[in-house]
Amino acid sequence: MERKYPHIFTPLQVAGLTLRNRIMAAPMAYPVSTSEGSLPLEAAAYFGLRAKGGAAVVTVSEGTVHTATGMSHSVNIQMDSPGVLTGLSAVAYEIKRHGAIASLELNHSGKHSNADFIDKSKNKENVRYGPVAEVLENGAEIQEMPQSLIDTIVEAYGNAAAVAKKAGFEMIMLHAGHGWLLHQFLSPRENHRTDKYGGSIENCVRLTLEVLDAIRAKVGLKFAIEIRLSADEVATDGYTFEEFIEIVKLLESRVDLIHISAGAHEGSFDVTHQSMFAERGGLVHWAAEVKKHVSKPVTAIGALAEPAMVEEIIASGKADVVAMGRQFLADPYWPVKAMQGKDEEIVRCCRCFTCMAERMTTGLRVCALNPEIGRELELKSEPAKTTPKKVLIAGGGPGGLVAAITAANRGHKVVLAEKTSWLGGALRAERGIPFKADLFDYVRVKELEARKAGVEIRLNTEVTPEYAAQEVPDVLLVAVGATPIVPPLPGIDGDNVIIGNDLPDHEQEVGQKVVILGGGLVGAETAVHLAQEGKDVTIVEMLDDIAKDANGRHRPILIARLKKEGVTSRPSCRGLRVTSEGLVVENAEGSEELLSADTIVCAVGQRPLRKVAESLKDSAPVVWDIGDCVRPGQVTQATFRGFFAALDI
């Protein structure tokens, strides 16, 4: 048959291996390890799901080669631990079981070792090494790495590669980018040594070459080695691209695949991990430029999600392979769907950073759009057989849709009733915002899944106690959502006020000067959007800061974007009344102040529709409330509860 994307699904030979297609699962860490620094059995299911979904290579992150000096996170895989082999073997086996190549990323963090899990008071008690002696901004003292330790670490890389090969891995990714140890030696902004490891490009590359030689000596010639490099350090005093090409040329003969990324450790998180504000494919041009200078295959990254874009990258010769990270959380089956030409069924990662932020707060790995992530082992077995039941779902938001799909796939007869003429619930407010397009598209994909699963969708249908009595469901899932909070301010019902949820339908009415009442996540993202449309925007927020409900990874990027777009933020400021001239507030000093505006957008939050939910509590033998009608939250909570509520039927 003729493939829609033939170039993506053309095999590639790399060091004796055959990649079944041109898609790699980029290195992502499993956020839990044993006391010995090994991977638990749950990790095998976590990484195996990417292989099952069709990736050619699944890369496991992050193997620290020298635990005493190189840990970047408390859950790094400790490659020099006696107990590490079993967990690695289980992961490699699971990846290969599904036909993918198992790859393991090896790393040492250098001067950034222990940086995110040892506080400042303990930094001085931990000897940390980098290319040169220095004091970091957090007060940590770094010692210059002596020759004896360099030799030990080089040997440790080789030993770690030997362990990986013994465990069944078929490829090593050597991390020499993103500001970690090898990158520190490559970078003129980090490496000011005067010995054989500093000064000239040849000297700066020396440590990486020694490491590659140590790895090759342990794994042999027909074992694939990929190297991960940052083409752009995102720093004025970093290496130039011309210098970077010289680095690549010196390394090329020692590797089989060249993975091109960007960014260092500080100040470039949203470059290395492209945010929703960046165009997809924003880093591919670096790979395309490198490919002009080398003969080895090149891997490109850059928040890739569209099969047509990936096909063009491969077909045009910009890269030989593409790697995706977060996209494999949102939809592990991206390759299988693209192979079948079913673009419309792909869930695009919305780049909300929930996956990374959750790891910072709870230590878990989750995905806002895919409730299976982090629970792969639990869900690997088929759910217990159940007697088919009639399930009525009240509400067609994300929670209701996910519940409907899950219940229908288990064999239940599902009716989803939505009182409006459209599905999506609160996500409807995201339509028309370019950087939220992937999140809004999630509704379309889930509607398609629901219909394919046999869910009967009834629009313009409100579930009341009388309607439920007519339908006689065995189970009623109440997902009626929430309603916008409209504070009782004088003038709030004026023609110059737009409720945030209704903004997409009234955007043409928005004047040039806008005040947004409410500086949470929704208000802040709305401000960015309107500012990008050329509006003069001010945010008014009662709390002492803006977007405090945004996750820890997205918030700094969002705050930076607000500043970039020229949005004025007024925290500790309370709305008093709306007039024809704008919004009167009580400012941080306790004085009344008029903020002139043509339009006021009210985005102060959502109130759960508890009265509606409670009116349905006795409308079926089993009734469960899910989503925003319990407590308004983000899509993560709605999809999670909808999925597991359906599994509990």
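1. A friendly start with terms: two strands pair if DSSP finds at least two bridges between them. Helices (H or I, at least four residues) and strands (E, at least two) are DSSP runs, numbered from the N terminus. This is a predicted model, in which local features need pLDDT of at least 70, side-chain atom pairs count only at pLDDT 80 or more, and totals for chains, interfaces and linings use all residues. Residues are numbered from 1 along each chain as its sequence is written, and side-chain values use heavy atoms, with hydrogens and water left out.

2. Look next at the open sheet of three strands, ordered E7-E9-E8 with mixed pairing. Its edge strands, E7 (128–130) and E8 (134–135), each pair on one side only. E7 and strand E9 (residues 141–144) run parallel and are joined by three bridges. Tyr129 has Gln143 in E9 as its bridge partner.

3. Helix H8 (residues 241–252) has twelve residues, which at 1.5 Å a residue should span 16 Å, and its end C-alpha atoms are 16 Å apart, which agrees. The expected span is 1.5 Å times one less than the number of residues.
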